[in-house]
Amino acid sequence: MKLRRIAAIWTSKIIGLTCKIAGKQGVTLAGKAAIKIYPDILKELAGDVREKIFVVCGTNGKTTTNNLLCSAIESEGKKVICNRTGSNMLNGVISSFVLSAKLNGKLDADYACIEIDEASAIRIFPHFAPDYMVLTNLFRDQLDRYGEIDITMNFLKKAIKMVPDMKIIVNGDDSLSAYLIMESGNEYITYGISEQYFEEAEDSNEIREGRFCKKCGEKLKYHFYHFGQLGDYECVNCGFKRPDLDFGATNIKAGGQLVFDMDNRNIKANYRGFYNIYNILASYSAAITAGFKLQNFDQILNDYNPQNGRMENFSIGGTNIILNLAKNPIGFNQNISAVMEDEEDKDLIILINDNAQDGIDISWLWDVEFERFYEGSIRSITVSGTRCQDMRLRLKYVDIPSILEQDIEKAIRKCIKNGVGNLYVLVNYTALYNTHNILKKLEREYK
Amino acid sequence: MKITIGHLYPELLNLYGDRGNIQCMKKRLEWRGIDVEVIEYQLEDEINFSDLDIVLLGGGSDREQILVSNKLFSIKDDLKRYVEEDGVLIAVCGGYQLLGDYYQTNNGTIKGLSIVDIYTEQKPGRLINNIIIKNKLFQMPIVGFENHGGRTFFGAKAEPLGKVIYGSGNNGETGDEGVIYKNVIGTYLHGPLLPKNPHLCDFLLKKALTRKYGEGIELAELDDSQEIEANSYIVKRFLKKDINKL
């Protein structure tokens, strides 16, 4: 064992611990320190993983898919490394390995489940070659960082080229992801929602990135849509179409819980949000593809309690609070759907920050279908965050009034005190951790 | 009174919240009791410009912009006539670049419509930031967000939409942002442009109404306190100055 490796691990463990005590999310900092001290740290630690490495990639659903996959593999008695908090750029990935290593520098893991940022894959794959990649979807996200979706696709294409032996589990309903993978030459498995669920097969105003065939430029014909560009598509010009699904969901009921059939099993999960069907499908097909039997998959779903602000539940002072991440138009529209599935009266807080990790360009707010809140038995909407003014204007231009409260803790306290006892808090990325901590604090305070 | 807004090719040109510009104009007309119709055109649709009072041409990715530029070229004369007859045209980002003589990219040159005397060249690095500009027509600055790889320069006859007081503008060198020609404005500002700049929105609405119904149109005043607050937040945060002291 090289001393530098041990030094790197110790240093970042100390940083990780200090940041934890300070209440900050110091994960990326720890990773940065580790690779500076020992450039081969990730390569070597990843090499210590005894069996397979999974990476989960895509615009939305990475964290939930990856965490579910990790839980599924753990339930088969395996030791798994996982970046549960969703720190998914190079330094965050390094940290997840380093912080799991023992003080003697050794890593004791059978599997690794690592979510990675789409644009960071090309920086991560030189350190290790994953055995499997899950690609959930490609949506418009953070235009200021990536420029546009074509650029993101090019990054991914280059990254996949580095690992021709990696097997890819791809969302077949997404024309962009499916095109990318079918062209890559890598072996792939597809999943998707086989049948039409939403009545309106017609185009809504929702921005659809992939409405034109990536292969030939012709407008794609859709037999039905789920959301975004996800659905059953076909190009009448060149024949590109949704691939046959290896894992397809049928007989779907979405509401207070999700019920559907896949792979000759009936799935019941106490999750809100139609989009979670994709997350379940993705993690299931990845684990099955890797040879797991998943006899207890129902149990895994039931035990899975998100602790990271993805539909995380709190009960504070008689108010039921759901915290969820909403960071791009498609994600936000899905959040709106999930809120609307709850027919009870509710208060709503929307927090929009424009820090670097959120994307400093907040123009995407105008691509979200906020007008749908009209029908949602919503008693009040409070806007918060650095861009609360923009959010308030966005709502004004669909004739929805809102209350402005820049301080999120005050906003939450007011809703607990004066609200209807049912509160949704939708926040974008940099506010997630802080809001989660405030809610945890309030939980203790009200006990 | 009624205003018809034509949104050109939103299927392809739909980056950066362009729909917000449409929504802003629509609401500000409706709140004043003026009827509005918005027509979204697709590439295969025929456009009768004499039906339109306001035209919006938004931004798209380079690939999509080429598709649109081919189409626009085939209707160039109609669009030019509309502009020369004082039609209101708002062109943002990619749409703005297409108004000029050409857009020289790393992968070749896209021929422009030559409606205004500008040209664009791609240079290394993108200009990405919040931006604040000032036009002496208005007391309040115009704020927005810019994200462009192309640098736009003026020929002899072009007038800027404003002077850059924060950010990069047309090219990061000359201190100009956007262009005004007759009732055309071209700009790199999105975010979208109009909701935080109600003065500019009303300026354009008034132009369109005057063109259609003649002089003497006055727009009823609206409560713009939230718009002004959002605008001055940007000014204060990035310039660290009060809006009244500009």
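**View 1. Helix α6 of chain B, from end to end in a predicted model.** α6(B) has 15 residues. From first C-alpha to last, α6(B) reaches 20 Å. That is close to the 21 Å expected at 1.5 Å a residue. After α6(B) comes B:K240. The phi of B:K240 is positive, near 55 degrees.

**View 2. The buried residues of α6(B) and their cover.** Buried here are B:Q226, B:E227, B:A230, B:N231, B:I234 and B:V235.

**View 3. α13(A) packed on α6(B).** The two helix axes lie 9 Å apart, at an angle of about 150 degrees. An angle over 145 degrees counts as roughly antiparallel, so α13(A) is roughly antiparallel to α6(B). The crossing of α13(A) past α6(B) is left-handed.

**View 4. Residues that join α13(A) and α6(B).** α13(A) brings A:Q389, A:D390, A:R392, A:L393 and A:K396. α6(B) answers with B:Q226, B:E227, B:E229, B:A230 and B:Y233. By class, this contact has five charged, three nonpolar and two polar residues. B:Q226, B:E227 and B:A230 are among the buried residues of α6(B), and they also meet α13(A).

**View 5. The side of chain B that touches chain A.** Chain B gives 26 residues to the contact and chain A gives 19 residues. On chain B, four elements each supply at least two residues: α1 (18-30), β7 (118-134), β8 (142-154) and α6 (225-239). The side of chain B that touches chain A has nine nonpolar, nine polar and eight charged residues.

**View 6. α14 and α15 within chain A.** Helix α14 (residues 408-418) and helix α15 (residues 429-445) both belong to chain A. Their axes come within 10 Å and cross at roughly 45 degrees. α14(A) is therefore oblique to α15(A). α14(A) passes α15(A) in a right-handed crossing. On α14(A), the contact uses A:I408, A:E409 and A:I412. On α15(A), the contact uses A:A431, A:T435, A:I438 and A:L442. The residues of this contact divide into five nonpolar, one polar and one charged.

Key: Residues are numbered from 1 along each chain as its sequence is written. Chains are lettered from A and ligands numbered from 1 in the order in which they are written. This is a predicted model: local features need pLDDT of at least 70, side-chain atom pairs count only at pLDDT 80 or more; totals for chains, interfaces and linings use all residues. Two residues are in contact if their C-beta atoms, placed from the backbone, lie within 7 Å. Ala, Val, Leu, Ile, Met, Phe, Trp, Tyr, Cys and Pro count as nonpolar, Asp, Glu, Lys and Arg as charged, and the others, Gly among them, as polar. The expected span of a helix is 1.5 Å times one less than its number of residues. A residue is buried if 20 or more other C-beta atoms lie within 10 Å of its own, exposed if 12 or fewer, and partly exposed in between; C-beta atoms are placed from the backbone. Axes are lines fitted to C-alpha atoms, for helices over the stretch in contact, and angles run from 0 to 180 degrees between N-to-C directions. Angles under 35 degrees count as roughly parallel, over 145 as roughly antiparallel, 65 to 115 as roughly perpendicular and the rest as oblique. A crossing is left-handed if the near helix is turned anticlockwise from the far one by less than a right angle, and right-handed if clockwise.
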